[in-house]
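Me: I have a structure open and would like to talk it through with you before I set anything up. Can we go through it piece by piece?

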Amino acid sequence: MSIEVAGVSKRFGDFVALDDVSVTIPSGQLTALLGPSGGGKSTLLRIIAGLESSDTGTIHIEGTEATHLPAQKRNVGFVFQHYAAFKHMSVAKNVAFGLEIRRRPKNEVRARVDELLRLVHLQQFAHRLPAQLSGGQRQRMALARALAVEPTVLLLDEPFGALDAKVRKELRDWLRRLHDEVHVTTVFVTHDQEEALEVADEIVVINEGRIEQVGTPDQLYDEPANDFVMSFLGPVTRLDGELVRPHDLDVLDHDRVLGATPGTVTRVVRVGFEVRLAVRTAVEPDVSVVLTRAEARGLGVDVGSPVWLVPTRGATTVPVMPRATAG
Ligand SMILES: Nc1ncnc2c1ncn2[C@@H]1O[C@H](COP(=O)(O)OP(=O)(O)OP(=O)(O)O)[C@@H](O)[C@H]1O
């Protein structure tokens, strides 16, 4: 059982937002839709939610054909970046809303709201108004509200996107722990690779309306399907027509390794525990290399030093491919 997206395409006028997308999103896991802005992540999420209809293709949610079901019949919970709370209702009332319109017994509603507020660590704020919460607390309330009606799937569209970096990071850890407690099938949209790598069980990389790769964070990082995925999931540099990660390069002070590329150090910058080098080779642009402080000290490199570069044994490398432009 899972979310099955098969052959889904979506155009807005002449613009192709999704181009024949097929993917299976596993049950009970936290899946990230990751990709650059405008790539089609939100459109796919909205089609799964039933907030947007696809031009072609089908959606099954946990075995039920949902392609033509209205949003309210799909049993999905949805949280947006800017969550629209009922301003005049307390936090507890906001969370209770979905249960009350379903006319659940009062004591059941009270017990469920208590449980949810505990889950999102907002028990002490039950009687506040949404305006009296911080941005992060408001998003946690939004999650509690979405979970109240026990959705089959929880869909989150950049739920922490509007918050500052520190709060985002806290909420990311919190979402992971919450999911480990609740285990509801969850799909969240993000353009932040670190967020996806840290939180998700599975990542779907979407770019220009197509799926580039699906896999666990480790699979995507260690075995990227192509140069797009490799460069989207962390820093890369180019050496001899291949992409490699800057910390996956060995810097040598001799030419005794076959195939090592000669160059000259043009920049040395120390940032915290690492030392970043720029190395000029016969091919532009300069190659970026990241060393530990100890490695840099051992080599004794400085601006003007001659060096030879070679990917570390076992390093991930991907050939740079010319890409067709969209349209
Ligand atoms: N209702 C619409 N009418 C016209 N174009 C739209 C509409 N909704 C989305 N698009 C276009 O479809 C493309 C994909 O949008 P979508 O919101 O799915 O991207 P995204 O990957 O979620 O990006 P972001 O991270 O910026 O939200 C964009 O180019 C967008 O401008």
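Reply: Just after H1, Gly50 takes a positive phi of about 90°. Please keep in mind throughout that this is a predicted model.

Me: OK, and how many of the nine residues of helix H1 are buried?

Reply: Eight of the nine residues of helix H1, which covers residues 41-49, are buried, so the helix is mostly covered. The buried ones are Lys41, Ser42, Thr43, Leu44, Leu45, Ile47, Ile48 and Ala49.

Me: What does Ile48 touch, leaving out residues up to four places away in sequence?

Reply: With those sequence neighbours set aside, Ile48 touches Ile3, Val5, Ile59, Leu155 and Val187.

Me: Let's look at H4 then. Which of its residues are buried?

Reply: H4 is mostly covered, with 11 of its 14 residues buried, and these are Arg138, Gln139, Arg140, Met141, Ala142, Leu143, Ala144, Arg145, Ala146, Leu147 and Ala148. The elements that cover these buried residues include strand S6 (76-79), helix H2 (91-101), helix H3 (106-119), strand S7 (153-157) and helix H5 (165-182).

Me: What span should H4 have, and how far apart are its end C-alpha atoms?

Reply: Helix H4 runs over residues 135-148, and at 1.5 Å a residue its 14 residues should span 20 Å. The end C-alpha atoms of H4 are 20 Å apart, which agrees with that expectation.

Me: And what comes just after H4?

Reply: Just after H4, Glu150 takes a positive phi of about 50°, although Glu150 is not a glycine. Glu150 is found in the loop between H4 and S7.

Me: Is Glu150 buried or exposed, and why?

Reply: Glu150 counts as exposed because it has 12 other C-beta atoms within 10 Å, and a residue is called exposed at 12 or fewer.

Me: Where is Glu62, and what is its phi?

Reply: Glu62 is in the loop between strand S4 (56-61) and strand S5 (64-65), and its phi is near 45°, a positive value in a residue other than glycine. With 15 other C-beta atoms within 10 Å, Glu62 is partly exposed.

Me: Switching to the sheets: in what order do the five strands of the open sheet come?

Reply: The order of those five strands is S13-S17-S14-S15-S16, and the pairing is antiparallel. Strand S13 (249-252) and S16 are the edge strands, each pairing on one side only, and the twist averages 45° from one strand to the next. S13 and strand S17, residues 306-311, are paired in the antiparallel sense over four bridges, with Leu309 in S17 as the bridge partner of Val251.

Me: Which peptide bond is cis, and where is Pro285?

Reply: The peptide bond from Glu284 to Pro285 is cis, with omega near -15°, and Pro285 lies in the loop between strand S15 (274-280) and strand S16 (287-292).

Me: What about the open sheet with three strands?

Reply: In that sheet the order is S11-S12-S18, and the pairing is antiparallel. Strand S11 (237-239) and strand S18 (317-319) stand at the edges with a single partner strand each, so one side of each is left without a neighbour in the sheet. Neighbouring strands of this sheet are turned by 35° against each other on average, direction ignored. Three bridges join S11 to strand S12, residues 242-244, and Leu239 stands opposite Glu242 in S12.

Me: Last one: which residues is Arg210 in contact with, apart from its neighbours within four places in sequence?

Reply: Arg210, which is found in strand S10 (residues 210-215), is in contact with Asp19 and Val21 once those neighbours are left aside. Arg210 counts as partly exposed, with 16 C-beta neighbours inside 10 Å.

Terms used: Residues are numbered from 1 along each chain as its sequence is written. This is a predicted model: local features need pLDDT of at least 70, side-chain atom pairs count only at pLDDT 80 or more; totals for chains, interfaces and linings use all residues. Helices (H or I, at least four residues) and strands (E, at least two) are DSSP runs, numbered from the N terminus. The expected span of a helix is 1.5 Å times one less than its number of residues. A residue is buried if 20 or more other C-beta atoms lie within 10 Å of its own, exposed if 12 or fewer, and partly exposed in between; C-beta atoms are placed from the backbone. Two residues are in contact if their C-beta atoms, placed from the backbone, lie within 7 Å. Two strands pair if DSSP finds at least two bridges between them. Axes are lines fitted to C-alpha atoms, for helices over the stretch in contact, and angles run from 0 to 180 degrees between N-to-C directions.
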